[in-house]
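Okay, everyone, thanks for coming. Let me put the structure up, and then I'll walk you through how a few of its pieces pack.

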Amino acid sequence: MSTPLLQQHHYLGIRQQPLHRVLIYAPTIIWVKQGRKLLWWQERRLSFGKESWLLIPAGHQLTFVNQPEQEKFRSHVLTLLTPPPAGWLPDTPSATQAMANPAIKVTTSLAYCFEMVCTMTERGLSEATQTELLRAFYAELRAAGALHLIFPASTMTLGERLARYLGVEPGADHTLETVAPHFSMSRASLVRKLTAEGRTFRHLLAQVRMSHALT
């Protein structure tokens, strides 16, 4: 079975919901369709509604409040599991990118591409066609000057790649012994490299499962 290109979730709330340090384990686009999302971002409070997307790269932890409008909060979350062409991205993230506002105004063309990739699986399209449509979405984000907000560099840390892998099936019985071969390394090597990044397998798996449970 091939690895999925993306995941999507629809959130619905009927009361104000504060959430703290929610792990974003893969590049993610959040589109609030009803209500507001108040986000604490680098000592600033940002507000998102249907007019703009929230674009978050892998590895970030978000603290925010979902505020209903007319007794409902609705959002559509798109998690991107396949990167764009490496040549489209910088080698390493810059300080300017790290401080950038993680928002982009929703245009007609961006909304069209968003809906296109969200419905391509249910339309029975081949994997090759879906890959090209996702690439087209990335091209539109690149043209809008926003691709670097969710993919700040062409390379990912081991922890980010591992979180993305675990996030495909967070409820599976993942162990170091079963996961390490997927990264072409031994259990000891995986532990050592995660430790060098200040991470542990158990904590990363718990964060990914907690993030998934919020759906």
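Quick definition before the helices: axes are lines fitted to C-alpha atoms, for helices over the stretch in contact, and angles run from 0 to 180 degrees between N-to-C directions. Helices (H or I, at least four residues) and strands (E, at least two) are DSSP runs, numbered from the N terminus.

Housekeeping: this is a predicted model, where local features need pLDDT of at least 70, side-chain atom pairs count only at pLDDT 80 or more, and totals for chains, interfaces and linings use all residues. Residues are numbered from 1 along each chain as its sequence is written, and side-chain values use heavy atoms, leaving out hydrogens and water.

So, the helix pair. α2 (residues 108-119) packs with α3 (residues 127-143) at an angle of about 155°, their axes 10 Å apart. That makes the two roughly antiparallel, since the label applies to angles over 145 degrees.

Who touches whom? Contact here means heavy atoms within 4.5 Å. From α2 we have, among them, Leu 110, Phe 114 and Val 117, meeting α3 residues including Leu 134, Phe 137 and Glu 140.

Now the sheet. Four strands form an open sheet, in the order β2-β7-β4-β5, with antiparallel pairing; two strands pair if DSSP finds at least two bridges between them. At the edges sit β2 (17-24) and β5 (44-48), each pairing on one side only. From one strand to the next, the twist averages 25°.

Helix α8 (residues 201-213) packs on this sheet, touching β2 and β7, and its direction makes about 135° with that of β2.

Definitions and conventions:
Angles under 35 degrees count as roughly parallel, over 145 as roughly antiparallel, 65 to 115 as roughly perpendicular and the rest as oblique.
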